[in-house]
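Subject: Structure handover

Hello,

The structure is below, with the sequence. Notes on what was found in it follow.

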Amino acid sequence: MASIHNDVSLPAPARNVWDAVRDFGALPRRLVPGFVTACELDGDARIVTFANGSVAREVLVDCDDARQRLVYAISNERLKHYSASVQVIADGEAKCRLAWIIDMLPNELAPYVREQTKAAVVAMHKAFPAG
């Protein structure tokens, strides 16, 4: 099983970043603007449209405010398994780390997903600029 780890340092208070992460339907407005172009809630899931035109249904598995951790899953014809967690960890008062871990099958899709996550991290830095 492929495992993709992203450890993202952001120049924003953990509470602000967590508020954006936990706002499950607000990806294009609050967390990854430009990377995600549309997001529609559908029960416990969100239908996400990415800038490259691909669409995914991401199901909310858990949202833990105490741990500032959100877990979601994707199940479709291309992915046998896809589980992701996003956790926000304070690094002082004005900075934080966002730990984003994806476990997925098939392994052959991991390079594509890894490149997509790099683009998402760039968008996160635009959402939470230094300064």
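A nonpolar core here is a set of buried Ala, Val, Leu, Ile, Met, Phe, Trp, Tyr and Cys residues joined through side-chain atoms within 4.5 Å. Buried means under 20% relative accessible area, exposed over 50%, and partly exposed in between (1.4 Å probe, protein chains only). This is a predicted model, in which local features need pLDDT of at least 70 and side-chain atom pairs count only at pLDDT 80 or more, while totals for chains, interfaces and linings use all residues. Residues are numbered from 1 along each chain as its sequence is written, and side-chain values use heavy atoms, with hydrogens and water left out.

Core: the largest nonpolar core holds 41 residues, and those with the most contacts inside it include V17, Y82, L98 and W100. Helix α3 (residues 110–127) supplies the largest share of this core, 6 residues. Helices (H or I, at least four residues) and strands (E, at least two) are DSSP runs, numbered from the N terminus.

Contacts (heavy atoms within 4.5 Å): beyond its neighbours within four places in sequence, W100 is in contact with residues including I4, Y72, V86 and M124. Q116 lies in helix α3 and is buried, at 19% relative accessible area. Residues up to four places away aside, Q116 touches F35 and N52.

Strands (paired if DSSP finds at least two bridges between them): β5 (residues 69–74) and β6 (residues 81–90) pair antiparallel over 5 bridges, with L70 bridged to V86 in β6. Strand β6 is also joined to β7 (residues 96–105), antiparallel, by 10 bridges; there V88 has L98 in β7 as its bridge partner. In the hairpin of β6 and β7, G92 takes a positive phi near 85°.

Regards
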